[in-house]
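Let's take a walk through this one together. Have the sequence and the coordinates open as we go.

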Amino acid sequence: ASYPRVVGRVYTVVPDGQGGWYIGGQFTHVGGQPRANLAHIVADGSVSAWAPNPDQQVWTILLVGDTVFVGGDFNFVRGEPRAHLAALSPSSSAPLSWTCDVNSRVTALVASGPTLYVGGWFALVAGQPRSYVAAVDVASGTPMPWQVDLDDQVKALALQDTTLYIGGFFSSANGEFRRCLAAVGT
């Protein structure tokens, strides 16, 4: 009862580290405030002024230090071009200068140190071939040489030590049979 009403669907929720939450999905309003697909609910349950308003749905959010990474189906964030992956400041609604355009839906994000792992339905990351999963530099958005050969979409990523767990619709990873779940080295 203390949380604001969302008009639409919420696909992802991430704590903000201060008792509040970032929410993403396919929605138009949160707590009576116009918020397109991405919003910040503060610890007291109110909706902050933070409103990046991506033009399409958000599937995943990841907070890394003072950056909010978001992935989804969008092509614009607050009117600025950001194809399916964007970096935002938690104190400003404008996207950061960081760019790493992806050619299709981003559904999963996880980070370790200087590396952001990205999963989804894509074939290109920053113009470089990367099928369904990629590693990019957190600071620059540049794709890293690390690659995994998957034959279908990624829906989830989890990291433990130096092992990346990948979940999705694939049946092979690096040429070996791995139905829907694979563990690969980072």
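## Cysteines, sheets and salt bridges

Cysteine 180 comes out as partly exposed, at 34% relative accessibility. Cysteine 100, on the other hand, is buried, with a relative accessible area of 1%. Keep in mind that this is a predicted model. How many disulfides does the structure hold? The count is 0.

On to the sheets. Strands of a sheet pair through backbone hydrogen bonds, and they can do that either parallel or antiparallel. Start with the open sheet of 3 strands that runs β5-β6-β9, where the pairing is antiparallel. Its edge strands are β5 (58-64) and β9 (85-88), and each of them pairs on one side only. From one strand to the next, the twist averages 20 degrees. If you zoom in on β6 (residues 67-72), you'll find it joined to β9 by 4 bridges in the antiparallel sense. One spot to look at is phenylalanine 69, whose bridge partner in β9 is alanine 87.

Further along, another open sheet has 3 strands, in the order β10-β11-β14, again with antiparallel pairing. Why is one side of β10 and of β14 left without a neighbour in the sheet? Because β10 (106-112) and β14 (133-137) stand at the edges, each with a single partner strand. Here the twist averages 25 degrees from one strand to the next. Strand β10 runs antiparallel to β11 (residues 115-120), and 6 bridges join the two. Within that pairing, leucine 109 sits opposite valine 118 in β11.

Now for the charged side chains, which make 3 salt bridges. Arginine 105 and aspartate 73 form one of them, with their closest N and O atoms 2.6 Å apart. This pair ties together distant parts of the chain, 32 residues apart: arginine 105 lies in the loop between β9 and β10, while aspartate 73 lies in the loop between β6 and β7 (76-77). Are these two side chains buried or exposed? Buried means under 20% relative accessible area, so arginine 105 at 15% counts as buried, and so does aspartate 73 at 16%.

Glutamate 80 and arginine 82 also meet in a salt bridge, at 3.7 Å from N to O. Arginine 82 is buried, with a relative accessible area of 7%, whereas glutamate 80 is partly exposed at 32%.

Finally, take a look at arginine 178 and glutamate 176, whose side chains form a salt bridge at 2.9 Å, N to O. Arginine 178 is partly exposed at 34% relative accessibility, and glutamate 176 is partly exposed at 44%.

Notes. Residues numbered from 1 in each chain as written. Predicted model: local features only at pLDDT ≥ 70, side-chain atom pairs only at ≥ 80, totals over all residues. Heavy atoms only, no water. Pairing = 2+ DSSP bridges. Axes fitted to C-alpha atoms, helices over the stretch in contact; angles between N-to-C directions. Disulfide = S-S within 2.5 Å. Buried < 20%, exposed > 50% of the residue type's maximum accessible area, 1.4 Å probe, protein only. Salt bridge = Lys/Arg side-chain N within 4 Å of Asp/Glu carboxyl O.
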